[in-house]
Structures are given as C-alpha cells and as structure tokens.
Amino acid sequence: MPKIRSELFGQTKDEKDVTRYTLCNSTKGLEVRILDYGGIITEINVPDRNGKVEDVELGFDDMAGYESRSPYFGALMGRVAGRIAGGQFTLNDKTYKLFINNGPNSHHGGKCGFDKKMWSGVVDGDKLILTYVSPDGEENYPGELTVKVTVQVTEDNELRLDYQATTTQATPLNVTSHPFINLAGHNAGTLDDHVVMIKSDTFTPLDEHNVPTGEIRSVEGTEFDLRTPVKLGERLHKVTGGKGFDHNLCLSPSDDGQATLAARVDHPPSGRYMECYTTEPGMQFYTCFYLQVSDGKGGAKYKPFDALCLEAQHYPNSPNLPNFPNVILKPGETYRQTTIYKFGIA
C-alpha cells in the first residue's frame with residue numbers, strides 16, 4: 001500500500017504553513033496532490049496510452065496564486081456550492097443575508113468559503129482525512145458545522161472523496177469539489193477534442209442571473225442532451241449564445257446510497273478517460289467560459305473552454321426552491337456524500 005507523502009507547499013498571507021499531500025497507487029500511475037488549504041487538488045497526474053504522464057488539473061505553482069487569483073481551481077466548496085439567488089434564504093422563519101459575490105447572488109460559500117480555509121489534515125493508512133469546523137454565524141450561516149472529507153487514491157485509479165458533516169443548528173449544506181480538468185494536459189488549450197456523456201434526463205433552466213428558476217425540464221431535443229457521447233467542439237459554441245455550459249443536470253441517485261456512474265469524459269487523441277460516480281442528485285457541468293488566467297502552472301495561460309468541471313452536488317439555489325432536493329441539515333442528522341473520479345485509458 002503506497003504511503004501518503006507530505007511536504008511544505010508554502011505559507012498563507014497570515015503565515016500559516018500549508019501542507020501538500022501526495023496520494024498515489026502502486027501500479028496504475030494515478031498521482032494526486034492536495035493541500036490542507038481549501039482542500040485544493042493541485043495536480044492529477046495520469047498516463048496516456050503510451051505511458052506519457054500529464055498533469056490534467058489546472059492550477060498554480062504557489063500559494064500566492066491560490067490565495068489571490070484562483071477561480072476555485074481544485075477546491076472544496078461550501079457551505080453551499082453554487083449560486084443562491086439574491087444572496088439570501090429563509091429558514092425557520094428567519095431570513096439570512098449572505099455576501100454577494102456573483103452579480104446579485106452569493107456564490108460558492110460567500111466571501112471566504114471552504115476553499116479559503118485551513119483544514120486539518122490527518123493521514124490514516126492510504127487515506128487523507130481533511131476536517132474543518134465552521135463556526136456558528138460564519139458567512140452568516142447558522143450553526144457550528146463540522147465537515148470531514150476523506151480522500152483516497154485507489155488501486156482502480158480512482159480519486160475517491162467521502163464527505164460527512166454534522167451541525168448544531170439547522171443549516172443549508174451543499175458541498176462539492178471543483179477540479180478543472182483537461183485530459184490532454186492542464187496547459188493543452190481547447191476542450192474541442194473532448195467527448196462528454198452525462199446520464200441526465202432533465203436539467204434546471206436558468207434565469208438572467210444564471211440561477212435555476214425552479215423548473216425541471218427534459219433534455220430531449222435540447223443542447224443539454226448529453227446522454228449519448230458528444231464531441232464538445234460540435235456543441236460548446238451552440239449553448240447559451242456561445243458561452244457553453246454552466247448548468248445543473250439532474251441525476252438519478254441509487255436507492256442503496258452507492259455512488260453510480262453520472263458522467264464520462266474521453267480524450268481520443270491521448271486515450272485518457274475520466275468517469276464520475278456520485279451519490280448526489282445533481283451535476284454542475286461547467287466548461288469554463290469565464291476562465292482567464294495568464295500565469296498558471298509553469299507559466300500556462302488558461303483561456304475560456306480550456307477545462308471542464310463536473311461538480312457533483314445538490315441543485316443550485318435549493319434553499320429558496322422547496323421543490324428541489326432538500327439541502328437543510330438538522331442537528332442529530334449526518335450529511336453523507338461520495339464522489340469518485342475514475343481515470344483510465346480507452
């Protein structure tokens with residue numbers, strides 16, 4: 001069983017040491033590096049059909065990049081991933097106003113979400129356990145929330161994320177990880193030659209502020225029908241006036257609580273593929289139209305449509321839409337979620 005390595009990655013602006021953990025398997029060649037700052041996945045190293053290894057995760061070489069100009073590269077999102085309309089929600093007859101950071105909305109946890117927090121990292125055999133305690137009132141969310149994310153690289157070339165959380169007061173909770181993937185390599189450019197399949201019969205249409213309206217609509221006959229594999233170069237520029245995908249696609253979780261196949265991405269030129277399995281009812285599919293980074297890893301320039309994100313989660317704006325799957329965690333309950341990114345060679 002490979003041992004998890006750890007090393008100093010750098011320091012935060014307030015001089016906290018940041019540890020980088022390296023997880024790998026013994027035979028298949030998957031290597032993942034992750035920080036205890038924001039639970040950020042900084043590298044996903046995967047071989048192609050010829051054995052050539054590429055890092056397929058966009059990111060930065062240092063803490064300055066992740067702290068000051070990251071578009072959430074590889075990070076854990078919370079308390080509530082995605083957009084909350086108007087930056088507010090009502091729970092138990094009390095209205096909570098949140099930090100506005102995306103048009104009129106609150107996005108990905110507010111001003112200082114889980115992606116900007118120091119997590120406690122503990123190595124347990126071949127698993128890394130990241131824990132964060134969010135105080136009552138943090139980002140104006142109610143209740144002290146304890147979140148634990150167990151990270152593992154398996155012998156089946158899986159990056160497995162198991163989430164668990166408890167709270168002292170009822171609170172909305174929608175946690176996810178936000179890898180930015182390009183299977184040709186983080187600095188390879190356009191997604192046009194990637195092929196995507198997402199097992200979703202319905203999606204949630206958006207209003208003018210990119211927030212779900214509450215409607216759940218069939219993908220039949222729309223650009224959002226990805227049930228059979230689609231080459232992104234033939235679809236991206238037709239969606240939302242050329243802005244590509246930034247939409248929640250509805251999934252059908254299994255009744256037994258096991259993670260099931262939700263999506264697959266293939267890169268035929270390299271032979272690499274990635275499958276996403278999850279217990280979650282939704283998948284935010286984002287093709288990075290708003291991506292604009294001039295100084296990524298190794299000096300890479302990241303542009304619109306240079307990466308894709310498969311964010312397994314509950315539907316955005318769920319605290320305000322009672323017909324969506326419930327995101328309210330109550331005292332005495334335990335939140336659980338599993339998402340797996342499996343890599344392979346076709």
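The structure holds 21 salt bridges, a salt bridge being a side-chain nitrogen of Lys or Arg within 4 Å of a carboxyl oxygen of Asp or Glu. This is a predicted model, in which local features need pLDDT of at least 70 and side-chain atom pairs count only at pLDDT 80 or more, while totals for chains, interfaces and linings use all residues. Residues are numbered from 1 along each chain as its sequence is written, and side-chain values use heavy atoms, with hydrogens and water left out.

The strands (DSSP runs of E, at least two residues, numbered from the N terminus) form an open sheet of five in the order E1-E2-E3-E4-E5, with antiparallel pairing, where two strands pair if DSSP finds at least two bridges between them. At the edges are strand E1 (5-11) and strand E5 (53-55), each of which pairs on one side only. E1 and strand E2 (residues 17-24) pair in the antiparallel sense over six bridges, and Arg-5 stands opposite Thr-22 in E2.

Arg-5 also forms a salt bridge with Glu-31, their closest N and O atoms being 3.7 Å apart. Because Arg-5 lies in strand E1 and Glu-31 in strand E3 (residues 31-35), this pair ties together parts that are 26 residues apart in sequence. At 42% relative accessibility, Arg-5 counts as partly exposed, that is, between buried (under 20% relative accessible area) and exposed (over 50%), with a 1.4 Å probe and protein chains only.

Glu-43 forms a salt bridge with Arg-33, with 3.5 Å between the closest N and O atoms, and it links strand E4 (residues 41-47), which holds Glu-43, to strand E3, which holds Arg-33, 10 residues apart. Both Glu-43 and Arg-33 are buried. Arg-5, Glu-7, Arg-20, Glu-31, Arg-33 and Glu-43 are linked in a network of salt bridges.

Terms used
Helix = DSSP H or I, 4+ residues; strand = E, 2+ residues; numbered from the N terminus.
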